[in-house]
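Here's a quick briefing on how this fold goes together, strand by strand and then core. Have the structure open while you read.

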Amino acid sequence: MNCPACGVPMVEEDFGSVSVDVCKNGCKGIWFDWGELKDLDESHEGLGKALEEALKNPRAKDTDRGPLKCPKCGLEMRSHKYKSAKQVNVDECYACGGFFLDSGELGQIRDNYMSEEERDAYVQRLIEETPLRDDTHKAKLRAAGCHALGSLFSRRWPFVWP
Ligand SMILES: [Zn+2]
Ligand SMILES: [Zn+2]
C-alpha cells in the first residue's frame, strides 16, 4: 500500500496490539484502518517501539495540498479541520473508515489532552459530518472509528515526556 501523501510504499509496524501502516521511508504519516484504531484504544500497555518513535516525528506541513486519495479504495478522503486551538487535521476515508495522520499529528493528539466533554463533542462532530446515514452498517463502523480516534485524545499515554 502506498502512502496517500507522498506515494512511497508504507511499511507495517507493530504498535503493540495492532499492526499499522507507517510511511517509514517517506513522510512518516500513519494509516489506521478503523478497526486498528479501535484495538489500539483497547490496549493498555506495551504500545510498542514503533509507536513511541512515531510520537517523536516532527509535524509535517499539510496545509497547501488538495484532498488525499484513500490508499485502500482510491476515493477522495475528507480532511477534518479541527477548529479549536487543538489543531489536528485528520484525513478520513468515508468509504472504508480509514484515517491518515500526518507525521507529528499523533504527537499533537497526545499533547492536546482533552477532557471527556471535549472529546465527546469532538467525536460527535466527526460523526455528524458523515454522509453515510443511508448506510447503517457503514455509519456504525465509522462511528466506532470516530470514538476510537477521539479516545486517543483522552487516553493516558504510557510514556514520560521531556
Ligand atoms: Zn508518505
Ligand atoms: Zn478508503
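Start in the sheet: Asp21 has Trp31 in β3 as its bridge partner. β2 and β3 run antiparallel and are joined by two bridges; strands here (E, at least two residues) and helices (H or I, at least four) are DSSP runs, numbered from the N terminus, and two strands count as paired if DSSP finds at least two bridges between them.

This is a predicted model, where local features need pLDDT of at least 70, side-chain atom pairs count only at pLDDT 80 or more, and totals for chains, interfaces and linings use all residues. Residues are numbered from 1 along each chain as its sequence is written, while chains are lettered from A and ligands numbered from 1 in the order in which they are written.

**The sheet**
- Six strands form an open sheet in the order β1-β2-β3-β6-β5-β4, with antiparallel pairing.
- β1 (11-14) and β4 (78-80) sit at the edges with a single partner strand each, so one side of each has no neighbour in the sheet.
- On average, neighbouring strands are turned by 30° against each other, direction ignored (axes are lines fitted to C-alpha atoms, for helices over the stretch in contact, and angles run from 0 to 180 degrees between N-to-C directions).

**Strand pairs**
- β1 and β2 are antiparallel partners over four bridges; Glu13 faces Val20 in β2, and Val11 faces Val22.
- Their hairpin has four residues between the strands, and Gly16 takes a positive phi near 85° there.
- β5 (residues 90-92) pairs with β6 over two bridges, again antiparallel, and Asp91 has Phe100 of β6 as its bridge partner.

**The core**
- The largest nonpolar core holds 36 residues, and Val20, Ile30, Phe99 and Leu149 have the most contacts inside it.
- A nonpolar core means buried Ala, Val, Leu, Ile, Met, Phe, Trp, Tyr and Cys residues joined through C-beta atoms within 7 Å; buried means 20 or more other C-beta atoms within 10 Å of a residue's own, with C-beta atoms placed from the backbone.
- Elements giving two or more residues to this core include β2 (19-22), β3 (30-32), β6 (99-101) and α5 (136-153).
- α5 supplies the largest share, five residues.
- Leaving aside neighbours within four places in sequence, Val20 is in contact (C-beta atoms, placed from the backbone, within 7 Å) with Glu13, Phe15, Ile30, Trp31, Phe32 and Glu36.

Definitions and conventions: Buried ≥ 20, exposed ≤ 12 C-beta atoms within 10 Å, placed from the backbone. Contact = placed C-beta atoms within 7 Å.
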